[in-house]
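Please consider the following protein model with me.

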Amino acid sequence: MRTPIAVTFDTNTYSTIADPKIARLLEKWWPLDRDRWESKKRRIAWWYIQRCISKGRILAGIPEAAFAAESLRNTDRVDLLLTVGTKTPPPAVPPTRQEIIAAALATGFRVMHGPRIGYGALPTFGPADWASDTRYPIGDRQDRMSAFIRHFGEYPLRALQSFGEQLSAAHSLAASNQHYAQAAVLNNITLDRYLWRRGIGAEAAQPRSHATQKVFLTVLRKLMADWADFDIAAVHYSYGYDLLCTEDQGKLVSNSIFGAQHASDVQGVFKIKSIAVMDLAAHCWKRFWFPLRTWRR
């Protein structure tokens, strides 16, 4: 039965699979210690999954959120937040990332709708580059994404706003921005919370709450990675794909949707099944062996 597996990929996994650099297998075989051997096996797994995608065994999707904060340089993250809702052009996707995206599309990856982060400039996608609504009609897909977001209270965005609110207070921004006071009242929030993005911008320009700008950017990266992870999981659920391929188990990002603190809801309520790259390769090998003919999509 020709039934492909529908898999959502996050930034790190689609990037390595789109460009596995298989020629590097020929480099540095000696001394063949454990770490080097594991690295070789992972490169083979990337190449094998790439083949499964190109031969139609895997229906591969990349959420739009994967083209947002995860793809930006650390120093661009502040600019991204500050340009949302303004006429200032957002940061462009770096050229190296554009090449990886092009390689992914050429392999057979498709882009999954679900824009929620204020993006930098996205590559130009044609109609054929977008994932089809094969499992749920577009209206149901959108409802499923909303249900996921509401269930978790959109906590990564709230955490980022609270971070900016604290920084606004640290920089005493409310005193010089009283003209926004009425807007804050209408939104039923404090003026410092209304100015949360400006607080982040002020801290980036002159740190007061962090020892250095580098320390501040590290904290900001983690918060924005939480946000991207959350949106990736929401889009995956909305499309109803079988597996979500990620190496992130919430170890580096303290409040990731992939972490243990959210596992009961993610896995129990929403039935999301995460899988690492090596496990996905093993799963596909058992199911498809080595694909020779192409299954037409």
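Me: On what basis are the values given?
Reply: Residues are numbered from 1 along each chain as its sequence is written. The model is predicted, local features need pLDDT of at least 70, side-chain atom pairs count only at pLDDT 80 or more, totals for chains, interfaces and linings use all residues, and side-chain values use heavy atoms, with hydrogens and water left out.

Me: Which residues touch the most other members of the largest nonpolar core?
Reply: A nonpolar core is a set of buried Ala, Val, Leu, Ile, Met, Phe, Trp, Tyr and Cys residues joined through side-chain atoms within 4.5 Å. Buried means under 20% relative accessible area (1.4 Å probe, protein chains only). Of the 57 residues in this core, those with the most contacts to other members are Phe9, Tyr14 and Phe148.

Me: Which residue lies over the face of tyrosine 237?
Reply: A charge sits over a ring if NZ of Lys or CZ of Arg is within 6 Å of the ring centre and within 35 degrees of the ring normal. At 4.0 Å from the ring centre of tyrosine 237 lies arginine 144.

Me: What is the order of the strands in the open sheet?
Reply: Strands (E, at least two residues) are DSSP runs, numbered from the N terminus, and two strands pair if DSSP finds at least two bridges between them. Strands β3 and β5 each pair on one side only, as edge strands. With parallel pairing, the five strands have the order β3-β2-β1-β4-β5.

Note on methods
Buried < 20%, exposed > 50% of the residue type's maximum accessible area, 1.4 Å probe, protein only. Helix = DSSP H or I, 4+ residues; strand = E, 2+ residues; numbered from the N terminus.
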